[in-house]
Amino acid sequence: MTLPALISVRGLEKRFGDKTVLRDIDLDIHSGDVTCIIGPSGSGKSTLLRSLAFLDAYDAGEVHIFGKMLGWRDTPLGRARAGNRELTKACSPVGMVFQHFHLWPHMSVLNNVTLALRLVHGFSRLAADETGREMLGKVGLAAFADRRPESLSGGQKQRVAIARALAVKPKVMLFDEPTSALDPELVGEVLSVMKALAAEGMTMVIITHEMGFAAHAANRVVFMDGGRIIEEGSPQALFATPKSDRLSQFLQTWRERAL
Amino acid sequence: MSGFMTDAPLYLAGLVTTITVSGSGIAIAILFGLALALALRSRLRSLSLLVRAYVEFARGAPLALVLFLLYYGGPQFGLLLSPYVAGIVSLGLYGGGPFAEIFRAGLNAVPKGEREAAEMLGLTQGQCFLYVELPQALRLTLPPSVGQAIALLKESAVLSVITLGELTKVAGAISSITFAIVTPYLTIALLYWALVEILSRFGRILERRFAVKGF
């Protein structure tokens, strides 16, 4: 017996102008999955991830989160954009971590983490602060609660962003190249937070160029190129015995660079 | 017999009028400008185009023109305003244009990703505006806003032409009685300068208090 997918994508298509950047995307994310999406720049990874939260509105196909269609509503007259409230509700199980953190620079680290708890979830300041500190503790930054984001390193900022996303108890976390904007020596601290999350059973979809991380932390790897999913499977299968030439090429380039 | 000391109450009255009229006018211009900036960013195309046209008009027209339209043209439409009220409203309408442009730029400078982060956490657009975008936009636009406020304060001199007894009117009145030109105008020049100085100091204090570094 298989449980219904937490996120289910069917026939997804996305165009920017007359350029089709995603086509025929089918993807299921099950509870507890750690899925890494790999592929060259411009392959549509980021657009796919953003489509899962409707940050980019897809043009055709469907994205369902817990069985509910995201962003669109089928009406007798065709498809209509779902209202903001409906969209927010459909997206509520989804947490997002961005490449460039997007912390709010005018607030303390703690307020970054607690704002949504207070405004959206009705927490009192006291309860929000308690949860906020707990989340910061989880990413090893309990001592930084009263700091401003600007005084943190990139790795610390990204950990705060993870704590902020976790605070509202998402069921699935999307990571859009979470370590690509970091100095090499700061990548590890973010990846180890993510590994700990995976070990707790968090469902995660991660765009990454860290093949080592993908090989060890993911239970599934998706390779994209040219707006399509070319191959997917276990990391062992994909990395050891790539079926497509594109993936072999991609891995070859990566290995040469890693040397 | 007239001298600086005997005229002091006149200058004081002019100063008070200049402060209250430009203070109220600037406050209205800021609020109006913020509303216009929001309308400019609106996804309702007809609204943003309409407001764009207004902003262009307000930026292109001299204050005197806005003032004449309102004060002399208003009665034709049943709008009878005292010079005091007409002065405040003109400054507000006229200043709203440049403030709209300042705030629009400030709001646009807040990275889109910060709004996306807020959306993903379930904040409504209104909450995102109030807690994420507006506080940063106001901080960012503090220097140009202070500059615009100073410009409006100085332009309030134009209101003397509709007989509003502000500083410039006072200087004119005194000089027409005493035939002295230099003393009254230098006196009000000093007073204007003092007001401008106070405004810009206030702005610098706010800037220091609300600085967002690395932004």
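Trainee: How many salt bridges are counted between chain B and chain A?

Mentor: In this predicted model, the count between chain B and chain A is one salt bridge.

Trainee: What makes the meeting of B:Glu116 and A:Arg50 a salt bridge?

Mentor: The side chains of B:Glu116 and A:Arg50 meet at 2.7 Å, N to O. The term requires a side-chain nitrogen of Lys or Arg within 4 Å of a carboxyl oxygen of Asp or Glu, so the pair qualifies as a salt bridge.

Trainee: Which helix gives the most to the side of chain B that touches chain A?

Mentor: H5(B) does, with eight residues. By class, that side of chain B has 11 nonpolar, five polar and seven charged residues.

Trainee: What area do chain B and chain A bury between them?

Mentor: They bury about 2000 Å², 66% of it on carbon and sulfur atoms. B:Met120, B:Leu121 and B:Tyr131 supply 35% of the area that chain B buries against chain A, more than any other three residues.

Trainee: Why is H5(A) called roughly parallel to H6(A)?

Mentor: Helix H5 (residues 154–167) and helix H6 (residues 184–199) of chain A pack at an angle of about 20 degrees, with their axes 8 Å apart. Angles under 35 degrees count as roughly parallel, and therefore H5(A) is roughly parallel to H6(A). The residues of this contact divide into seven nonpolar, four polar and two charged.

Notes:
Residues numbered from 1 in each chain as written. Chains lettered and ligands numbered in written order. Predicted model: local features only at pLDDT ≥ 70, side-chain atom pairs only at ≥ 80, totals over all residues. Heavy atoms only, no water. Axes fitted to C-alpha atoms, helices over the stretch in contact; angles between N-to-C directions. Helix = DSSP H or I, 4+ residues; strand = E, 2+ residues; numbered from the N terminus. Parallel < 35°, antiparallel > 145°, perpendicular 65-115°, else oblique. Nonpolar A, V, L, I, M, F, W, Y, C, P; charged D, E, K, R; others polar. Buried area = accessible area lost by both parts, 1.4 Å probe.
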